[in-house]
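Please look over the protein shown below.

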Amino acid sequence: MKKQALISAIAATALFAVAGLAIAQSATVQTLRGFDIDSQNVVEDVYKQDKQRFTRNYRQQPPLIPHSIDQYQIDLNANQCLRCHDWTTAGERGAPTLSMTHYLDREGNQLDRVAGTRWFCNQCHVPQADAPALVDNAFEASSGSN
């Protein structure tokens, strides 16, 4: 019983020490863009609207989105991307249609609707932004991309 109480006391002391250290360090933490974490970080609208498709930087890169998706509802109940990009509406909307791989289930069966594994578009596709790099980057596109 004494051993358990001693271990509990040591654990509590260590926990308080770590919590105090974390609070002291949080005052100096900044975001990648250099703002204090407590300050309001307002990002300007930096989306490129481009009529042509963006160049891909590596094989199998998901296409980038050339418009803002800030107000798009993409959840279990709705996916607003499909209003324009579903195979049933893409032609009349003049939007690129989804790859047929988005209509295959896990077993490779063809579906008439987007597969649940491909429902959340912004899991792979991101808006193209003309924003400064957050960190130094030496990435070079592969030679056979596009």
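The sulfur of Cys124 lies 9.0 Å from the closest cysteine sulfur, that of Cys121, which is too far for a bond. A disulfide is a covalent bond between the sulfur atoms of two cysteines. Here the term stands for a pair of cysteine sulfur atoms within 2.5 Å. This is a predicted model: local features need pLDDT of at least 70, side-chain atom pairs count only at pLDDT 80 or more, and totals for chains, interfaces and linings use all residues. Residues are numbered from 1 along each chain as its sequence is written, and side-chain values use heavy atoms, with hydrogens and water left out.

**Cysteines**

- The search of the whole structure finds 0 disulfides.
- Cys81 is in no disulfide; the nearest cysteine sulfur, in Cys121, is 3.9 Å away.
- Cys81 is buried, with a relative accessible area of 11%. Buried means under 20% relative accessible area, exposed means over 50%, and partly exposed is in between (1.4 Å probe, protein chains only).

**Overall fold**

- The protein has 3 helices and 0 strands. Both are DSSP runs, numbered from the N terminus: helices are H or I with at least four residues, strands are E with at least two.
- From the N terminus on, the order of elements is α-α-α.
- Of the 146 residues of the protein, 15% count as buried.
- Take the contacts with a separation of 6 or more: 45% of them come from residues 24 or more positions apart. Contact means heavy atoms within 4.5 Å.
- The accessible surface of the protein is about 12,100 Å², and 54% of it belongs to carbon and sulfur atoms. Such areas come from the Shrake-Rupley method with a 1.4 Å probe; for residues, only the protein chains shown count as cover.

**The segment after α3**

- Ala115 sits in the segment after α3 (90-93). Ala115 is buried, with a relative accessible area of 3%.
- Beyond its neighbours within four places in sequence, Ala115 is in contact with His102, Tyr103, Leu104 and Asp105.
- Ala115 and Tyr103 are 12 residues apart along the chain, and their C-alpha atoms are separated by 5.2 Å.
- Gln110 is also found in the segment after α3. Not counting residues up to four places away in sequence, Gln110 touches Met100, Tyr103 and Leu104.

**The loop between α1 and α2**

- Is Gln60 buried or exposed? Gln60 is exposed, with a relative accessible area of 72%.
- Gln60 belongs to the loop between α1 (2-26) and α2 (82-85). Gln60 has a positive phi of about 70 degrees, although it is not a glycine.
- Ala78 has its place in the loop between α1 and α2. Leaving aside neighbours within four places in sequence, Ala78 is in contact with Gln73 and Trp119.
- Ala78 and Trp119 are 41 residues apart along the chain, and their C-alpha atoms are separated by 9.2 Å.

- A pocket is an open set of points on a 1 Å grid over the protein atoms alone, where a 1.4 Å probe fits, with protein on both sides within 12 Å along at least five of seven lines; lining residues have an atom within 4 Å of a point.
- Of the 17 residues that line this second largest pocket, Asn57, Gln128, Ala129, Ala131 and Asn137 are the closest to its centre.
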